[in-house]
Amino acid sequence: MEASANVTCDFLGLKPGDTALQCISSEYIGGKMMEVRAAVRGLNLTTIAPTGHPLASMGDDGFDFVAMVPMQVYNSLQVSVERERLMRIRHLIIGGGAIDESLESALRDFPNAIWSTYGMTETLSHIALRRVNGPEATSWYTPLSGVSFSIAPDGCLIINAPAICPEPVVTNDIVELSPDGSRFRVLGRKDNVIISGGIKIQIEEMEQTLRPHIPFPFMITKRPDEKFGEAVVMLMQNGDETIARNACRQHLSKYKIPRYFISVSQLPLTPSGKPARLQAAHLAQKDVS
């Protein structure tokens, strides 16, 4: 934990006396590591109970370092005074869930440094960061000092961080390496692959391609298919099938176009707001024409 704290603080240039806000639960590794970073680097840590609006009761002086989950960032953007306070955080790291395209777009012009984190409990919080905003914004994650990685035969990321984890960690995330091999980009999870007619389709990648062109919430999932093995299904939250079909025809190869479009009143989500993939697959198996 000390080694993890040091590499994060070094990466961000945090020094003794810098101010930090602890606003996520210390029951989870992300919250624990905020306390460890403060202790290791001598940060001036303010601690509050976990809340969806962590900046509501804060002053306007700002912080040098804050970690939030996407929901907290989203909520803060909805209230003007909290949005202004969000802009005064020198380094904001966002973890505990993926940052969707709309949230990233809302943060793109912020003057402070905003980072998306990549990591897990086994790696004691994040082992790589990517810049979300400003001229340095990128879709590629840069590993922290002392962290290296490789790709397993199935395309999944293998993390080697000997100062933090005694053994390499094999993830379920399918990644792509940058041309120079120094960074990686997450394409999706291994268990979120549809194999339809022998074609591998990454659910998250397909959703990202369609999101700018479909004006209502949707999810991509699958159902068993006698001919193709698995068929692509789009769940639409009170959406227009014609609009969805046209967007798919314009922006997807013919092999990726969903075979079924199902309208639902509410997309299945986890308590933290992430797609509930298993529940979506169950919904996709209802009778469709």
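User: Why does the end-to-end distance of helix α2 (residues 29-41) agree with its 13 residues?

Analyst: A helix's expected span is 1.5 Å times one less than its number of residues. For α2 that gives 18 Å, and its end C-alpha atoms are 18 Å apart, so the two agree. Helices (H or I, at least four residues) and strands (E, at least two) are DSSP runs, numbered from the N terminus. This is a predicted model: local features need pLDDT of at least 70, side-chain atom pairs count only at pLDDT 80 or more, and totals for chains, interfaces and linings use all residues. Residues are numbered from 1 along each chain as its sequence is written, and side-chain values use heavy atoms, without hydrogens and water.

User: Which residues of α2 are buried?

Analyst: Buried means under 20% relative accessible area, exposed over 50%, partly exposed in between (1.4 Å probe, protein chains only). Among the buried residues of α2 are Ile 29, Met 33, Met 34 and Val 36. The buried residues of α2 pack against elements including α1 (2-12), β1 (19-22) and β6 (125-131), with contact meaning heavy atoms within 4.5 Å. Just after α2, Gly 42 has a positive phi of about 75°.

User: In what sense do β15 (residues 229-237) and β16 pair?

Analyst: Two strands pair if DSSP finds at least two bridges between them. β15 and β16 pair in the parallel sense, over five bridges.

User: How many residues of β16 (residues 260-264) are buried?

Analyst: Four of its five residues are buried, so by the cut-off given above they fall under 20% relative accessible area. The strand is mostly covered.
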